[in-house]
Amino acid sequence: MSFLCLDKVNCRRDGICMEVCPGGVITADAEGYPVVKDGAEAFCNKCGHCVAACATGALSHERLPMIDFLPNRKPRPETVAEVEPLMLGRRSVRAYKNKPVEHALLERILDVARRAPTAVNSQQVGWVMVEDPAKTRRLAELGMEWLRAAGHPRYVQLWDEGREVFLRGAPHVAVAHAPADYTWGAADCAIALTYMELAAAAHGLGACWAGLLTRAAMAHAGVIEALELPQGRTVHGALMLGWPKYRYSLVPPRNAANATWL
Ligand SMILES: Cc1cc2nc3c(=O)[nH]c(=O)nc-3n(C[C@H](O)[C@H](O)[C@H](O)COP(=O)(O)O)c2cc1C
């Protein structure tokens with residue numbers, strides 16, 4: 001049974017849907033129209049490329065409602081002029097305003113992150129969005145318990161002097177997790193968090209990777225409990241989030257790319 005619906009009037013029989021399908025699921029029938037290959041149905045990973053790449057809108061996919069597809073803007077020179085400075089200008093923000101981020105904005109950056117690439121389009125990244133600043137503070141306290149035991153004299157000293165070095169006083173934290181036995185969990189979570197960080201920067205929000213929290217969430221029962229982490233899931237990364245207190249006027253230098261060109 002086919003899950004593709006074709007509008008033959010609009011189909012140009014150009015083969016684009018067949019070419020972009022990662023699993024080679026689509027073939028041409030005797031007249032050149034796309035059909036699902038016999039026995040290949042199970043190899044469709046619901047990436048939606050066949051529908052999204054069709055220039056005439058002739059194809060739809062039974063399992064991917066058309067209403068869930070978004071329009072896709074063509075790249076323009078202005079896009080480069082906007083995106084590169086955004087990517088270069090984002091910084092690890094470690095000073096936050098005492099002002100929570102609106103729920104709708106947290107939802108919005110999560111909505112970008114959920115669309116990040118995942119291996120075989122498996123979409124197994126899960127999130128704990130710590131929205132309540134008191135809960136974020138509690139996570140930092142629990143995390144410091146772990147750090148004290150793990151032995152980090154410098155951060156312990158700073159914490160004891162009153163500096164919140166664990167989550168930098170951020171009001172919120174987004175924690176990405178994946179099934180413990182999933183090969184690509186770390187990669188998928190890191191990509192999704194990177195999407196979220198850039199989306200946050202685009203809205204003027206501050207973010208910082210929370211590596212300490214990530215390690216604590218792998219090792220400290222109190223942190224795992226406070227995160228209410230579902231069974232069988234591993235935390236692979238987290239982002240502090242909040243309104244930045246300061247604006248950076250310069251992009252700091254970094255090493256030259258360590259690349260070999262073949
Ligand atoms: C995986 C990862 C974990 C990190 N963990 C922390 C952290 O726990 N606390 C912190 O203040 N910064 C953390 N950072 C931020 C780095 O220190 C920061 O990216 C680096 O110093 C470069 O600064 P920039 O991000 O502003 O370019 C982390 C970054 C990454 C990529």
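Biologist: How far does a backbone N or O atom of G211 lie from a nitrogen atom of the ligand?

Modeller: First, this is a predicted model, where local features need pLDDT of at least 70, side-chain atom pairs count only at pLDDT 80 or more, and totals for chains, interfaces and linings use all residues. Residues are numbered from 1 along each chain as its sequence is written, and side-chain values use heavy atoms, with hydrogens and water left out. For a polar contact we take a pair of N or O atoms within 3.5 Å. The backbone atom of G211 sits from the ligand nitrogen at 2.8 Å.

Biologist: Which side chain has an N or O atom 2.7 Å from an oxygen atom of the ligand, besides that of R91?

Modeller: R91 puts a polar side-chain atom 2.7 Å from a ligand oxygen.

Biologist: Which strand and helix each supply at least two residues of the shell around the ligand?

Modeller: Strands (E, at least two residues) and helices (H or I, at least four) are DSSP runs, numbered from the N terminus. Shell residues have a heavy atom within 4 Å of the ligand, among them C208, W209, G211 and L212. The two elements are β7 (206-209) and α8 (211-219).

Definitions and conventions
A polar contact is a pair of N or O atoms within 3.5 Å; within protein, one must be able to donate a hydrogen and the other to accept it, and residues adjacent in sequence count only if both atoms are side-chain atoms.
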